[in-house]
Structures are given as structure tokens and as C-alpha cells.
Amino acid sequence: MQNEEPVVQPAPEQQAEPGKDAEARVTFAETEANAAKLRAKTEEIKVRIAQTVRADSEERAALTPQDDLFELDDDLRYGRIDTAAVLKEMTAEERFEDITVVTSPTGIVFVYSFRHIASDIAAAKSVIEEAKCLLAGVIRTDSLEKEQLTPLADLHAMAAEADSGVVDTLLKSMQTEERYADIKTVNDATGALYYHSDKYLVDGYAATLLMAMSGNHCATIAETVRKESRIYPRTTNLAVFRDQKVYGVPADELDAVLLETLRRSEYCDIKKIVHPQTGAVHLYSERYLKQDAAWAMMDWDEVGRANNP
Amino acid sequence: MSYGGWTGKILRVDLSTGAITTVDTINYKDYLGGTGFGWKVLWDEVPAGTKALSKENKIIFGVGPISGSGAPSSGRMVITSLMPINKDLPGAGHGGGAWGPELKYAGWDSIIVQGQAANPVWIKIVDDQVTIEDASALWGSGTYHTTAEICTIMGSDAQVACIGQAGEKLVSLSCVINSRHHSAGGGGLGAVMGYKNLKAIGVRGTGAVKIAADAATWKALNYKWLSLMGANNNHVVPMTTQPWAEFSDSGSRWTANKGLYWGAASPPVETGYCTDFEHPLPKDCPVPQNKMGRRTHKGFKDYGMSGANHTVKMNGCLHCPIRCHISTDVPQLEQYGVSRYNENTCTGNSILSSIMTDPRTTDSTLILSQMSTNLTSDYGFWHDYSQWSNCFNWARTHVMTTLECSALGLPATNINGLPFVGRTPFQNRLPAAELTILTGNSTGSTPYTTGTPFAKSVAGDPSGEQDLIKLILGLNYITSNNPTTTPVFSDAVANGPDHWATIWPEIGYFNNHSNASSCFKMNHAKHHGVESFGQVGCLINMTYNRDPMNHTHQNVTVGPPPATINTLMKELFSSPTAPSMFNDPAGSDICFLPATNYHPVTNGMAAFAAACMVELELKNAMITCDWMMPLWLSPLKSKGYRGDIAFHADLYSAVTGDTVDTKGLQKIGLRLLTLFRALTARQMDWAIKQVDASKKVNMRTDHDYMNDWMFDKVGDLTTGPAHGPGTGIPNSASGNTAAYATTAVPFTGGTQLMDRADMETARNLLYAQLGWDTATGMPTSATLSSLGLGYIQTALPALIVG
């Protein structure tokens, strides 16, 4: 044994340190050294913010949304350094005197360099940017809360008094902007245009919604099974079409739809297998999965995984 | 100690002398904490050949520098010792709850318990005040009563780790329980405490953990950590198709969904969509991390709607946002005199219910499992990830054939003078008196007499579990006011499959040859073995002395498509620019699914397996949760589902102030794994020399093997080398049909059948990654030197090659 000493057993009244917070379970090293490191990183980030904002302003004549600055560094993303506080500091520093903040009527904060964008132009741009935000907001809300696609007509209706071309122009410009990269379009079989936010309603889900809207349940089943067999690959438990409403297959029609799917020549790659122990029905596309592999995958899903928790 | 994280002192309690002393943590800093401290203490202080149940053995209750820091998933603790369950080899048990952090708040980095008390005792720790208390009044009671009594003395905020009757009876299937249902299993560590007459350790701390970083840095690091976390097992995609998620996986424990409730909460709580950080929902108040605790609904995952309806909430360890323990309310249990409120997860819920026949009536699975949880937590009974119950069910139901009895060389008649052939192992091995208690008739024949333990087991009567646990532990089983026990039955079934196989060779035969056994090697269970990336799972399972309790590889088996996972793991472990010290620069594949065919082993798989093992050592030393870390995947679509391999190093650096990078931390982990390897080799070498002093252990052949059932097909004429009673028997000789079909071909058709030559290659590749010698499976001299383990070569010169 090395360096062993008898345990000190203080009297009970010596246990608590005067003034110590009984709930404090951790202490931090708020040292000069740590503060200096944080300060240095903050200075580095200021320079990068200025570079980004000036580039946006000069090269694209575009305002930079404050929220986009989080992408510059994990310290901004995860809150070690507060973006708003840094911007405030920058406005007081001569080397960043051109970096200016403009806030839209609904509170969206943009940053720009007045060397490249005049303040009145910036204010006008902020209004346009705000309109884009509103359009994106409607699409995102539909995707997130209603779990549905947004018809173009709904967006036109937002500006009923204006030429629908204005809305179209805004939507078109949004397609090239990183902050609206999640706004996607899909067309149904008739060519009708729908919008969705891929952030809240991903492309695959949108495609499934379109299929459900078409009412061609056989195609819904076949395409879903093909996708699962191709991408993962894995078999598809028939129960998902009954349990998950997104597929739009009426539960009482599922058996008949399955029979029809398996019968039709355009879906001849879709195969049905039944697990001998659980009785579960699985489907797969033999375009992408061989029978023995499909059976092994089904067996793993039905009993293998449960036996290996 | 100038570093953050550690308290700076380790507590040593000698139960023989009553001496209570401290050790400076700085002496062990190179081993981090937890099992790292444990391996080092065992190496330094416990001589080769020491028995697990002896005064000379030591048991180390460990935490690490991260414990108590409040970092996510850092609430666990480990217990390290020689294990009685498997030839007195070193091993560890891992427990959740809140005991570990409390030990840090009391000011201790670990506790070394040694010696043996003359009478039952418990250790009371209140900060620096440490005393050995009389436990006579607690001896014989379960963990619930023990915990309640100690908390009455110490205060309700004390944390208590204790044993039940299983540990007191010194059975190998015993564990240590804290926080009512958090168990540290690990091969009979309860019995190690029991042998030392140590009933419990109660801890209450009022101190704090010092973090070397400033608050802003620490907060950002924690927020980053949270953003990279998925659900339990770090499953990073939801179980069902959800609009916000690009992928889903039916195997995922990210079960939260609209319309899915904690049904027994008052009022019921809807889990809803619990999105990742890139998809904040309007009602996330104010950010998604506030709902992380709802992501994992194990009540539903494990028991379907029955489980969902009886789930009060999901619970878990202190400081963990991922709640993986199901808190249930099952009123039906009250008729059996046990609490309706219980809590556990996964196989912790099925220790006894897995030897019951489930009638599959309403809630029956849940009732049987929660009865099991209630009893096994109270008695402190552990199972080895189901191998024990597999043996039990086989011993009760398998009728021995002529070929089997012949191949095993069994005598013509059993203990009761009846033919071996045509009877089950229990019928053959248990005395008539014990069979009468268990089954109601002296030959153990079916149908069993109604009301007997085996009859209840077959009928799925939950009270059967109450009867069986007493008989298994050798406790009095009262029938018709006639206290009685079943000592032969108890000795066989309560001490684990290795002991069982030693005294009943047919159990060894089952473990080694039957694909129903799920035994990996040395009669211990596989745990995410061949089914988890094939050779990767096998290499991991063959390295440990119990079921490996390593989820590092398993945690990436569920998530985005396997091709994506393969790409991401190759970036880390199979690339010219990989950040890991374990790497295949040639860029071979790592991950695949059985259904798309296993592949012959690659160097990338070996690098991945090596990294997984080293990562486990780091998790158990720092301590972070094996079921969540490392964050090699994340739910973040914007990052292509990448996690952050540097995160463990960043975390360690922030807490301790001891700055390391990924490779630097991996090197520390390799040090711990290599020390564990040397400990195992030293103990095995001693045992081999007791039989033949001229021989020495060869870890490759004596330790790193796999049971035959993973290689053999029905009717095979050959088999692998023998490794104990009942092994090395070709299927053609025993007529074994619990094997792969004769048509199975490795690496084709979705089979999990493995190939012996390929696994030899796998060993070669793994050893090369770890710096271990190909022929002996031991670390080379150069490896030991580079890891600061030169003392191992000094101690074991005959086992180390240049």
C-alpha cells in the first residue's frame, strides 16, 4: 500500500462548510486561464462573423440571418458563446463598425455590412425576407402539426390582394437560399404542386402522402415494400399498413388490397412470406432481396431480435 | 489532487482488522477509475490463484472522474473482483442508480474492501466519517428491507448497495442491488460480499465534484452531448415511420409516438413525437431535450400495449436524460403479497419468468416478469444474460437419448437407479426426495402434481416463482407446514452454468453444442455475439470472462441503413484518415446485416472490434453508460448521422483538466484492457500449473475460443477441441439436431453459421490491432512497454514474447 493514512473522522459539526450551498454538486474552474481561452475564441468568432456578413453583403447583396451564424461554430451552436452578445460587442468596436443589425417587424434579426448595403435598402430587404419567413412558416406548420402537404393555392391565398406572381417570385428565390433549404416541392399525378418542409416532413413521407392521396393502395404497398427492400434492405411487416395511417389503406380493405397487389403483373416482384412461429406476414421485393435473405430478415425481426435483447 | 473530476482519495476498508485507511488517487490516475482501479488493485494486491470466495480476494466499488459531474449518462458504478461464477477469473459488475455519484459527493473515488468480518457488518459512509456497523439484524433479509433499515439510520437521501439472501448463501448467481432495482451482477459479486460478511454499503455525501472547465464550456459540452444522443442504446432513429424522421427501424428503442402513453400515470402521459434537436416542436418547452426522457418507452417496447398500459413512467440513473427502466403498476401482483410497483428493464425483468411457461393471457407476460423483478431484486439473484435459464429449461424438458448418453459416457442408471436414457437431466440427477418436492412424484415425471413448483412453472402461475426462488437459493420451502430444502437442485442451478456443467456433463454438452443454449464459451452466455456484426460480436464475446456486457458495437446495429452505418464506421476505423488508433487504412468494410449475408472477416472489422473493447474499458473507468456511449452515431441528419468520436476525450479533458485527444484516450483504454488480459492470463496460468507444472496458459487456445454450435451442422463428423465436461463431441456421435441445417454454408443465404478458419483469421487481425501476440494471444513486450505496463512482463516473463 502506498501513501495510506487513517481516515480523518471529523466531528459532525465540522462537516458543513460555512456558507456552502448544500445543493451545489459541482464546482467550476472560473479561472483567468479559462476566461482567456473563452475570450480568444470569442475574438476569433467575431472575425469569422464579419467575414461571413461582409461576403453575403458584397457578393450576394444579401442580409445574413442571425440564426444562420450558429452554423459557423459549435461554440455558437451549443451556447458556449452567445451570438447576440457577440454581435452587440462588435457594434462597439471600430474594426467592425460596418457590421449592422436590422430587425424585421416580426422580430427576425438580420446582419449586414453598410459598406455594401445601404440602411434603407437593408430595411426594404428585411421586409422581403420577412415575407419569405411567413411563407416558410405556413409550410413548416402544415408539415409539422398537420402532417400534410401545402398546396400552392394555399400560399397564393396568403396574399389574396397581391398578384400571385409575387408569391411565386418569393418562393422561387427561396429555393436558392440555405435557410430555406428544407422547403421542398412535389407534384402529384395531375401535376399539382405541393410544398413541404423536409425538416418536419421528410421527402419519403411526402411521397407516401402523395401515394395515399392518389388512392392507389396497391401502388402504395408495392412502392413502400420496394423502397424498404432497396434502401435498408429489409422486409416490410404487413401490419404497418394497418397500424400507420400515413399509408391511407383502410384497415378493412387491407387483405383484399394485398391479394390484388400480389395478383397484378406490374407488382410481380412483390412477394409474401409468413413467419411460422408468429404468423406475421412480411412482404419484400425480389428485385432487391433474395428469398433466403428475406426470410432471415423476417425471422430476425419477428423472433431473433427479441431473443437477443 | 490538482485535477478536476477525481476527489483525490480512495477508501480502503479491511474487514478482518477493522482498519479504515485512505489511498491517494494519484497513484492510480493512469487507470482512470472504475474497473481501471479495480484491475490495478487486483494485479497489485491479489495473488495468482486466489479464490473469489476467500479472505485474500478484494472487491472494489468504483466510480470515475466523470461520476457525479452531472454529465448525461454518468450515474453508473462498477464493482470489480474475482468472480466465483467462472473459475475465479477477474470480472466486473455494472450498476446504475445513484449510488456511484453519491460516493463521489462523499469524497471518494473508489472503495477497496478486503478481508472478512467475523460477523455480519455493513459499512456506513457519511463524507469522511466511515464506520463498520453491525449487520446481524439485517442478515437474512432481502435488499428492500436492508435498504429501508439503513436509510432509517442514515437518512432517506442515503444510497445503499446491498446483497440479499443470494449473496449471503454464497451462490454464484448473486448480485449487488442499489436503488431498489439497479443490479450490479457480474458473476456472483453478491457472494463475494457475502463471504466477507458484508451486507451493505450505505453512502451519504454532502460534497461536490470539481470540474476543471468553466461553467460556459461545460454547459456547451453537455448541450452538444445531448444533441448527439438518441434513445436507449443510442438508437438514433425512431421505431416507427414519423414525418420528421428520414428513417425508422423496428428494432429501435426510440419508441415515442403520437398516441403512445405511459398508461398508468395519473393522468396518463402521451410520449408524442420526441424529436431530435434539429426538429424542435412548438410544445417542446423550450427545447427538445426536455422531452428526451420520453423517447424510450420500454414498457411498450418490451411488452406491447400491455406494458404501455401499466407503465407509470420511465425511470433510470441519476444524471441520465435517457430513461430506460420501466416503472410499472401491476395491481394483479398484490394477490401474491408482493408490491404492485416495480421497476427494471430488458433481461432484468425476466430472470425467473424465463423459466415459466407464459399462458399468453391478458397481461400474463407482464405479471410474470414483474413478479420476477420483484423477487430477484429483493433476493439479489442474478442471471447471466439468460444462459442460466436456458440450462434450466433444457434440464427440465430435454429427454436424454441413447446416443447422447453414449457420447457423454454417462452411466447406465441415474441417481435413483433408473435408466439415464429417456429421462431429463433433472430426473436423472435429483434425488427422489427433491423430485417429490419439485414435481409431486419421486421420478419427476409429467404431469406434475398441481400446486408443486414445477407444475406452477408449467402453468405460468406467478406464485411458482415465489416457490422456486426459495428452492433455488437453498432456503426453506414450506409445504404443509413442513420446512424443507432441495440442496442438490440448489447447488446445481444457483451456481451458474459453469459449475452446473462441471457436475452434470450433459449441461456442458448443451452449452457447447446446442444452438438453443446461447452459450458463447467457458459456459458463459453470449451477449450480442454472432448476431451483432458476425465476427465483431464474436471477437468481443471471446475476450471476456462472463457475458461481455459490451454494447459498443450493439449500439450501432440499429439506425439508418446499414450501408450508411458502414460508411460512417469506416470513416472512424477503416480509412487512411481515420481518427482512431485502431484502423484499417485499406478501407475494408465493417458493418452488414445477416440477411444480406455475412462476409469473411476484414481488418476493418477487427479494428472496429478492438475499438469497441477499448471503449468499454473507458466507459467503465470514467464512468459513462455502456448503453449510450460512445456517440459514434447521432440523430442529426445535417451531420449525416455522424456522432463524435472525440467526445469522450473532450469530456474527460473538460472534467479533469488533463487534456487528451482521441488516440491518447484510446491508449489509456488499451492499457486497461491489456491489464485485464494479463490478470486473466495470470489466474488461468496458475490453475493450469496446478494440474501440470510444466504447462502454461495459451490465451488464444485456452481462452479465446467459441462453442461448437456456432460452427457445426447437423450430422457433422468433427468438432472443435474439448474445453471441459460435455464438449468436443461431434453432432454425428450425439445425434444433436439443435444445430445448423446440413445445407447451411457460411456467408451465404443469410445464415449466421460461422467458419472456424475465418475466425482464426479474425483472431490474428484482432491481436494485431491490440498489439497482442498471434500465437499466444498475450500482449507483446513492446505493447506492454508502450502502455506503461512493463511490470506485467516482469511478473509473467514466461507468458510474454518479444
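1. Trp244(B) and Trp254(B) are both buried. Buried means under 20% relative accessible area, against over 50% for exposed and partly exposed in between, with a 1.4 Å probe and protein chains only. The model is predicted: local features need pLDDT of at least 70, side-chain atom pairs count only at pLDDT 80 or more, and totals for chains, interfaces and linings use all residues. Residues are numbered from 1 along each chain as its sequence is written, chains are lettered from A and ligands numbered from 1 in the order in which they are written, and side-chain values use heavy atoms, without hydrogens and water.

2. Aromatic pairs come next. Over all chains, the whole structure holds 32 of them. Rings of Phe, Tyr and Trp (its six-membered ring) pair if their centres lie within 6.5 Å; planes under 30 degrees apart are stacked, over 60 edge-to-face, and the rest tilted.

3. Trp225(B) and Phe647(B) form an edge-to-face pair, with 5.1 Å centre to centre and 70° between the planes. This pair links distant parts of the chain, 422 residues apart: Trp225(B) sits in helix 6 (residues 215-228) of chain B, and Phe647(B) in helix 21 (residues 647-656) of chain B. Trp225(B) is buried at a relative accessible area of 0%. Phe647(B) is buried too, at 1%.

4. Back to the two tryptophans. Trp244(B) and Trp254(B) make a tilted pair, 5.6 Å centre to centre and 45° between the planes. Each lies in the loop between helix 6 and strand 14 (261-262) of chain B, so the pair ties together parts that are ten residues apart in sequence.

5. Ring pairs also build a cluster. Its members are Phe381(B), Trp388(B), Phe392(B), Phe426(B), Tyr448(B), Phe454(B), Phe489(B), Trp500(B) and Trp504(B).

6. Now the overall fold. Chain B has 27 helices and 22 strands. These are DSSP runs numbered from the N terminus: H or I of at least four residues for helices, E of at least two for strands. The radius of gyration of chain B is 25 Å, close to the 28 Å of the globule rule for 802 residues, so the chain is as compact as a globular protein of that length. The radius is taken over C-alpha atoms, and the rule is 2.2 Å times the number of residues to the power 0.38. Along the principal axes, the C-alpha atoms of chain B fill a box of roughly 75 × 60 × 60 Å.

7. Of the 802 residues in chain B, 67% are buried.
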